[in-house]
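Have a look at it first, and then we'll go through a few of its spots together.

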Amino acid sequence: IGPWLGIWQGLTILAVISNCMILLVSSDLRKAFNSYSDYMWLIFAYETAILALKYGLGILIPDTPYWV
């Protein structure tokens, strides 16, 4: 993959952020919260958890197979 790896990783981060923003705008879940800021913090926590999971899996899964 070479130099494309950084580009693809950047695109995955942008995809997570944009999907969370779409969820923020279009979800009916925000009606369950008292304030808009509480809902924003929930979306921010969700986004952070997904990016942390992505980073953790990137560390756990080796870049090259064991047989190489």
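Let's start with a term: two residues are in contact, or touch, when they have heavy atoms within 4.5 Å. With that in hand, take Tyr-39, which touches Leu-23, Leu-24, Ser-27, Leu-29, Arg-30 and Phe-33, leaving aside residues up to four places away in sequence.

A quick word on the model: it is predicted, so local features need pLDDT of at least 70 and side-chain atom pairs count only at pLDDT 80 or more, while totals for chains, interfaces and linings use all residues. Residues are numbered from 1 along each chain as its sequence is written, and side-chain values use heavy atoms, with hydrogens and water left out.

Back to Tyr-39, which is found in helix H2; helices here are DSSP runs (H or I, at least four residues), numbered from the N terminus. Is Tyr-39 buried or exposed? At 0% relative accessibility, Tyr-39 counts as buried. Buried means under 20% relative accessible area, exposed over 50%, and partly exposed in between, using a 1.4 Å probe and protein chains only.

Ser-27 sits in the loop between H1 and H2 and is buried too, with a relative accessible area of 14%. Gly-10, in helix H1, counts as partly exposed at 29% relative accessibility.

| Side chain (polar atom) | Backbone atom | Distance |
|---|---|---|
| Ser-27 | nitrogen of Leu-29 | 3.0 Å |
| Tyr-39 | oxygen of Leu-23 | 3.1 Å |

Tyr-39 and Leu-24 are 15 residues apart in sequence and 8.0 Å apart in space, C-alpha to C-alpha. Both belong to the largest nonpolar core, five residues in all, together with Val-16, Cys-20 and Ile-43. H1 gives the most to this core, with three residues. Such a core is a set of buried Ala, Val, Leu, Ile, Met, Phe, Trp, Tyr and Cys residues joined through side-chain atoms within 4.5 Å.

Key: Helices (H or I, at least four residues) and strands (E, at least two) are DSSP runs, numbered from the N terminus. A polar contact is a pair of N or O atoms within 3.5 Å; within protein, one must be able to donate a hydrogen and the other to accept it, and residues adjacent in sequence count only if both atoms are side-chain atoms.
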